[in-house]
Amino acid sequence: MGDAVLTQFFSGFSLVAILIIAALGLAVIFGVAGVINMAHGEFIMVGAYVASVVQSGLGGNTFWSIPICFVAVGLLGLVVERTVIRGLYDRPLETLLATWGVSLILIVIIKMIFGTELHYVGSPEMLQGGFPAPGNLPFPWYRLFLILLSILLLVLTFVLFFRTKFGLAVRAVRRNRSMSEAMGINTARVDMLIFAYGSGLAGVAGAVLAPIKTVSPTMGFPYAVDSFMVLVMGGVGNLLGVPVGAAIIGEGETILAFLFNSVIGKLLVFLLIVLVIRIVPRGIFGYQERTLGHRR
Amino acid sequence: MKINRRRFLKTAALASATTAAFPYFYTQKFAKADESDEIKVGILHSLSGTIAIIERSLHNAELMAIEEINAAGGVMGGKKLVPVVEDPQSVVRVFRQKAKKLLLQDKVVAVLGCYTSASRQSVLPEFENNNGILLYPTLYEAQECSYNCFYTGAVPNQQLDDFAPWVIDKFGPRHYLIGANYIYPKETNREWKALLDNHGGETVAEEYAPLGHTEFATNINKIASLQPDVVFSTLVGDQIVAFYKQFKQFGITAEDIPICTPITTEQEIKGMGPEYALGHYTSFNYFQSVDSPENAEFVARYKATYGEDEVTNAVMEAAYFQTYFLAQALDQTGTTDADALITEGLPGQEFQAPQGKVKIDEKNHHTYLWARIGQAREDGQFDIVWKSEDWIRPDPWVDLLYPDKDCDFTDQRVIDRIKSGDRDRSGTIDI
C-alpha cells in the first residue's frame, strides 16, 4: 500500500507537468493580451499534427518537433492575431466567439488534410522505458522529461517577463495600457508577439503530449477545458497561478482517483473548483489591480 | 396585424393540416419509384463530427458492396441499387431527421446505418412508425430487438462466452476491469462478471473513466499494486490509445499482465503504433488477418478503392455483408414490400462473408457469427490464436443474466401484437 501511494505521488507530478505545459500558453495570452483564446486546445492539436509530420515526413523525434512546433504554431497564432483578434481587442465577447470560430475552422482544415483517423506519434528512443523509482512501478523516462520540460518552460517564461526589456514592456502594458503607449511602447506589437509566444507554447504542448495521448482532430477540447480549470484555480494575471493551480488539480485528481475512482476524482475536483470560485472569484493568485486604461 | 386568439387558432389549424398532408403528397409523387429499374437504399453514417473516424469506413464498405452487387447484374432481375447518402454529422438528433427524410421523402427500401447505440435508439421510432427497415452493423450491448431492425454486429454472448473461459484458463482467474463510463462497458462488464463467477474467476476491481479522460497513471498504479492476472478493458475511442501507450510506458508488458478486450481493432492499433499493442488480446468475429479467399478479396478490393494505408475491421465487415443480405432478400422475395422482406426475405438469409458463413437468425433478427481471439503482433495485425468450431448463435437476452427472457418474432403472441398495430414492436417475450 505504501509503495502504491509513493508511485501515485510521482505520477501525480507528471499530471501536474502536463497541466502546466498545456495551460501556460493560455495563461500568457489571457494574462497579458486579455484575450480568452477558445482555440487554445486546437492550437495544441495542430502542434500534435505538426509533430506527427515531423516524425513521419522528416524522421525527426520529439526533440526536433519541439522547436519546429513552437515556430509553426507561433506563426499560426501570429496570423490569427493579425487577421481575427486585432479588430476585436475591446470586445471580449466577440473575441470569445471569433476564437471559437477559429477552433472549428482548424478542426475542419486538419480533417481535410489528414483525414479523421488517429495518428501515431512515438516517443524518442532514449526516453523509452523507465527507471526504478521508489514505489511499485518503474517511473517512465518520458514523464520525467515532461516534468523537467514544464519547469524549463516556466523558468523561460519568467525570465522573458522579468529579465528582458520586452518583458518589462509586457508588464507595463499589462498594468496600464494607455500610460505605456504614452511612454512610447508599441502596445499592438506587444500584443501580437505575446499572442504568438502563447500559441507557440501551445504548439510545444502538442508536440510533447502526442506520444502519450491520442492524435486526432478533436483531441484539443479536453486540454482546453483542463487549461481553463488551471487558470480559474490559480488565478490569471500572475504566472505563479499556473503551477499552483496545476499542482492542486493534478495532485488532487490523482490522489482522489486513487482513493475512490477516476469518475469520483474528477467530480470532487470540479466541486473544489466551484468552491474556489465562490470564495476567491479571482483564483488563488488573482488580485484586484489598478486597471486604468486596461482593455476590458 | 393584431393576433387574437381566434386568428391564432385558425392559422395553427391550417398549418398543422398542411403539415399532416405533406407526407401524403410525397407518397403520391414517389409511389411509382418501385416500377422503375432502380432501388433506393439509404446509407446513414456520419461523415463529419466525432465518430466520423469509424463511420466513414462503414459508409465506404457499404458503397463498395453496392458497387459489386450492381456490377454483378443488380437485384430482382437487373435492377440497380442506388445509394442515397446522408451525413448525420455525429449528432443524435440529426440521425433522426435524416432517417425520417430517407424513409418518407426518398422512400428507400431499407437503410444501412448508425454506429453508436444512442444513434440507433434515436432512429428506431422512425423506422417503427413508418414500417422501414434498418440494418445495423455494430457490436452492441443487445437487450433489444425491434421488428424493423436487423442487427448484423456481435452481441455480448458471441464475443464473451468463449473468451472468458479461455482467458481464465490461459492467464488466471483474477481480473481487473476498466471501462468507459457509459452503457456499453457497464453492460459488458456485468456479463463478464457473471462469466467469471461461472468459471471460477474473480473481479479484483472494477473502474470506469469518464469519456474523454485519457490520463491513466492512477489506474495503472492500482493495477501494479493489485497484480491481477488479466486486465479486461472496455475503454473506447481515443481512451484505448492513451491507455495502451501509458501501460507500456509504465513498464508493464503483455507477458506481465495481458490486456484482454472485445473492442480494440486494427484501427486503434494503427493510431497508437503497433509496439504498444504488441501481445495483447482482442476477441472479435473478424480480423483483417482472417485467412479466407473471401477476405483476401475483400481486403484487396477495399485497399484498391480507398488507399493502400487503409485497414479493415470487424464493424465494416458487418457493414459489407449486411448489404449482401439485403440484396439477396430482395432477389428472393422479388418485392420491395417491407413486411415481406422483414418476415420472409431477411430472416434465415445466409452469406459467405470474409469471416466465414454468416446467417440472420430466423427468430430474433440478430446474426450468427464466428468467434475469434487475436493477439496483436508487430505489424499491427492480429495472430488468430483461437477460433470457434462453428458459428455462434446470437442471444440478445443473454441466458446468464436474463434466463427468463427471449426474443422471437415467430412467436404467435409477437406476431399478433405486431399485426394489431400495437406501438410496441419489439420481439421480446417472457419464457
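Residues are numbered from 1 along each chain as its sequence is written, and chains are lettered from A in the order in which they are written. Because the model is predicted, local features need pLDDT of at least 70 and side-chain atom pairs count only at pLDDT 80 or more, while totals for chains, interfaces and linings use all residues.

Visitor: Which helix of chain A supplies the largest share of the side that touches chain B?
Guide: Counting two residues as in contact if their C-beta atoms, placed from the backbone, lie within 7 Å, 34 residues of chain A are in contact with 34 residues of chain B. Helix H1 (2-33), helix H10 (241-259) and helix H11 (262-279) of chain A each supply at least two residues of that side of chain A, where helices are DSSP runs (H or I, at least four residues) and strands are DSSP runs (E, at least two), numbered from the N terminus. The largest share, seven residues, comes from H1(A).

Visitor: Is B:Cys114, which has a positive phi, buried or exposed?
Guide: Most residues other than glycine have a negative phi. A residue is buried if 20 or more other C-beta atoms, placed from the backbone, lie within 10 Å of its own, exposed if 12 or fewer, and partly exposed in between. With 29 C-beta neighbours inside 10 Å, B:Cys114 is therefore buried.

Visitor: How is B:Gln89, another residue with a positive phi, classed by its C-beta neighbours?
Guide: B:Gln89, whose phi is near 55 degrees, has its place in the loop between strand E2 (80-86) and helix H3 (92-105) of chain B. Because 16 other C-beta atoms lie within 10 Å, B:Gln89 is partly exposed.

Visitor: Which strands stand at the edges of the seven-stranded sheet of chain B?
Guide: Taking two strands as paired if DSSP finds at least two bridges between them, the open sheet has the order E7-E6-E8-E9-E10-E14-E15 (chain B), with mixed pairing. Each edge strand has a single partner strand, so one side of each is left without a neighbour in the sheet; the two are strand E7 (202-209) and strand E15 (382-387) of chain B.

Visitor: Which residue in E15(B) stands opposite B:Gln375?
Guide: E14(B) and E15(B) pair in the antiparallel sense over five bridges. Within E15(B), the residue opposite B:Gln375 is B:Asp383.
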